[in-house]
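Subject: Structure handover and notes

Hello,

Here is the structure for you to look at. My notes on it follow below.

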Amino acid sequence: MRIGTVHRATAETSIDVRVALDGSGNYAIATGIGFLDHMLEQLARHSLIDLDVKTVGDLHVDQHHSVEDTALAIGECVRQALGEKRGIVRYGEAHSPMDETLTRVALDISGRPFLVWKAEFSQKRLGEMDTEMFEHFFHSFAQTAGLTLHVETLYGSNNHHIAESAFKGLARALREAVEIDPRKADSIPSTKGVL
């Protein structure tokens with residue numbers, strides 16, 4: 001099994017994360033932010049990546065540090081679990097419908113972090129989570145995982161559906177990209193020979 005574990009401790013947060021890329025979508029998640037927990041549960045379930053997250057953060061200040069550092073830790077775990085990336089499919093994409101909403105997610109496990117984010121929210125919060133933190137989560141995750149990541153909500157009006165379709169789209173694209181390609185399981189999917 002390809003597994004990554006990270007303990008990240010700062011003056012603002014203490015986070016423990018474990019991922020198993022070859023899992024079955026099991027999860028145990030507690031970030032202190034209910035809506036973020038719900039999104040991370042979707043990420044695990046639909047990617048089939050086992051995900052354990054325990055975040056203790058300075059929520060008395062705001063959610064920024066907890067969301068950002070959780071995303072950084074999860075991304076670092078994914079990068080660690082991928083190792084030298086030998087045999088992976090590398091690319092993944094998904095169209096994720098959720099009722100009236102459709103989101104497209106495409107990614108490349110390139111080692112070149114980049115985020116294109118085209119999703120908008122009409123309200124400032126979902127539950128107790130600030131909607132501006134969704135883009136920041138995806139950006140932070142892409143940075144430490146080493147992903148080129150494009151997220152675009154093609155249409156939709158319900159804010160919950162927009163957020164959830166983005167996370168489910170990420171899950172499905174990630175599931176595809178981290179799979180081992182049986183035709184090239186012994187090689188790194190790059191003409192450079194490294195990713």
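Apart from neighbours within four places in sequence, Asp108 is in contact (heavy atoms within 4.5 Å) with Arg90, Tyr91, Gly146, Leu147 and Thr148. Asp108 lies in strand β6, residues 101–108. Helices (H or I, at least four residues) and strands (E, at least two) are DSSP runs, numbered from the N terminus. The side chain of Asp108 makes a polar contact with the side chain of Arg90 at 2.6 Å. A polar contact is a pair of N or O atoms within 3.5 Å; within protein, one must be able to donate a hydrogen and the other to accept it, and residues adjacent in sequence count only if both atoms are side-chain atoms. Asp108 counts as buried because its relative accessibility is 8%; buried means under 20% relative accessible area, exposed over 50%, and partly exposed in between (1.4 Å probe, protein chains only).

This is a predicted model, in which local features need pLDDT of at least 70 and side-chain atom pairs count only at pLDDT 80 or more, while totals for chains, interfaces and linings use all residues. Residues are numbered from 1 along each chain as its sequence is written, and side-chain values use heavy atoms, with hydrogens and water left out.

Helix α4

Helix α4 covers residues 159–178 and has 20 residues. From its first C-alpha to its last it reaches 29 Å, close to the 28 Å expected at 1.5 Å a residue; the expected span is 1.5 Å times one less than the number of residues. Of the 20 residues of α4, 16 are buried, which leaves the helix mostly covered.

The N-terminal end of α4 is capped by Asn158, with a side-chain oxygen 3.0 Å from the backbone nitrogen of His160. Asn159 is found in α4 itself and counts as buried because its relative accessibility is 5%. Its side chain reaches the backbone nitrogen of Ser122 at 2.8 Å, and a polar contact of 3.2 Å joins the side chains of Asn159 and Gln123. Not counting residues up to four places away in sequence, Asn159 touches Phe121, Ser122, Gln123 and Leu126.

Leu174 is also placed in α4, and is buried with a relative accessible area of 2%. Leu174 touches Ile49, Leu107, Phe141 and Leu147, again not counting residues up to four places away in sequence.

Packing of α1 and α4

Two packed helices are described by the angle between their axes and the distance between the axes. Helix α1 (residues 34–47) packs on α4 at an angle of about 35°, and the axes are 8 Å apart. Axes here are lines fitted to C-alpha atoms, for helices over the stretch in contact, and angles run from 0 to 180 degrees between N-to-C directions. Residues of α1 that meet α4 include Phe35, Met39 and Leu43; on the α4 side, Ala163, Phe167 and Arg175 are among them.

The largest nonpolar core has 54 residues. Such a core is a set of buried Ala, Val, Leu, Ile, Met, Phe, Trp, Tyr and Cys residues joined through side-chain atoms within 4.5 Å. α4 gives the most to this core, with 10 residues. The residues with the most contacts inside the core are Leu51, Phe134, Phe137, Phe138, Phe141 and Leu149. Leaving aside neighbours within four places in sequence, the contacts of Phe134 include Phe35, Trp117, Ala163 and Phe167.

Helix α3 (residues 132–145) has 14 residues and reaches 21 Å, close to the 20 Å expected. Its buried residues include Phe134, Phe137, Phe138 and Phe141. Just after α3, Gly146 takes a positive phi of about 80°.

Helix α2 and positive phi values

In α2, 14 of the 19 residues are buried, so the helix is largely enclosed by the rest of the structure. Gly83 follows α2 and has a positive phi near 60°.

Most residues other than glycine have a negative phi. Lys85, not a glycine, has a positive phi of about 70°; it lies in the loop between α2 (64–82) and β5 (91–98) and is buried at 7% relative accessibility. Leu48, also not a glycine, has a positive phi of about 65°. Leu48 is in the loop between α1 and β4 (50–57) and counts as partly exposed at 28% relative accessibility.

Regards
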